[in-house]
Amino acid sequence: MDRKIDSKKVKNKKAVLTGTALFFISAFYLSELFQYVVSINFTDVKLNFNFIFLSNRFEAFNTSNLINSISLFADIIFIMITVETAYFFLKRLPLGYLRFTIILFIVLSLGMIILNVFYGFISALLHSSNNDWIQFFNVVHASFQEKIIYSLGFILTMFLYLNLITRRIIKYIKT
């Protein structure tokens, strides 16, 4: 009996490590690379290493606000695409290592979206750092009231998306 429990713990630890590693690679490298690939066609952007993470530095923007917003928020769009892809595979996997890995990946990715949205909202209100949200508001020349309206609309949209995903994934966590 003890060996069976120990083997389950080891498999669960491997699933946690694998899911966390996939999340970090996806969120901090692949999403920035995706944002760079999307943005390079429309804007002047440089891909840099910020400590050990990739980051994009936008030097010039397009005249279209739609293209600029897609370029600036492509990293969040990439995370949403990976969550949807992971959910597609989650539906087809039996209970076990891969399923636990994908569930953890999805949960961590949703947490990243939440952090990104609220950090962006706070930094937009306080104008405390130079991130994608601040650059977006500078490009569209938004006033303080417009920043709040845009931010609340984006937060509402992300809240609805997160609610949809959590409702879909909760049935896989319970099993």
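A pocket here is an open set of points on a 1 Å grid over the protein atoms alone, where a 1.4 Å probe fits, with protein on both sides within 12 Å along at least five of seven lines; lining residues have an atom within 4 Å of a point. The volume is the space filled by probe spheres set on the points, which are joined across faces, edges and corners. The model is predicted: local features need pLDDT of at least 70, side-chain atom pairs count only at pLDDT 80 or more, and totals for chains, interfaces and linings use all residues. Residues are numbered from 1 along each chain as its sequence is written, and side-chain values use heavy atoms, with hydrogens and water left out.

Helices α1, α3 and α4 each supply at least two residues of this second lining. Helices (H or I, at least four residues) and strands (E, at least two) are DSSP runs, numbered from the N terminus. The lining includes Leu 22, Thr 82 and Phe 105. It divides into 7 nonpolar, 4 polar and no charged residues. Ala, Val, Leu, Ile, Met, Phe, Trp, Tyr, Cys and Pro count as nonpolar, Asp, Glu, Lys and Arg as charged, and the others, Gly among them, as polar.

The largest pocket holds about 680 Å³. Its lining has 26 residues, and Glu 32, Ser 55, Asp 75, Asn 131 and Asp 132 lie nearest the centre. α1 (2-40), β2 (53-60), α3, α4 (97-126) and α5 each contribute at least two lining residues.

Helix α5 (residues 132-139) is largely enclosed by the rest of the structure, because 7 of its 8 residues are buried. Buried means under 20% relative accessible area, exposed over 50%, and partly exposed in between (1.4 Å probe, protein chains only). Among the buried residues are Asp 132, Trp 133 and Phe 136. At the start of α5, a side-chain oxygen of Asn 131 comes within 3.2 Å of the backbone nitrogen of Trp 133. Just after α5, His 141 has a positive phi of about 55°.

The whole structure contains 2 salt bridges, each a side-chain nitrogen of Lys or Arg within 4 Å of a carboxyl oxygen of Asp or Glu. Glu 84 pairs with Arg 168, with the closest N and O atoms 2.7 Å apart. This pair links distant parts of the chain: Glu 84 lies in α3 (residues 74-90) and Arg 168 in α6 (residues 144-174), 84 residues apart. Glu 59 pairs with Arg 57 at 2.5 Å between the closest N and O atoms.

Notes. A polar contact is a pair of N or O atoms within 3.5 Å; within protein, one must be able to donate a hydrogen and the other to accept it, and residues adjacent in sequence count only if both atoms are side-chain atoms.
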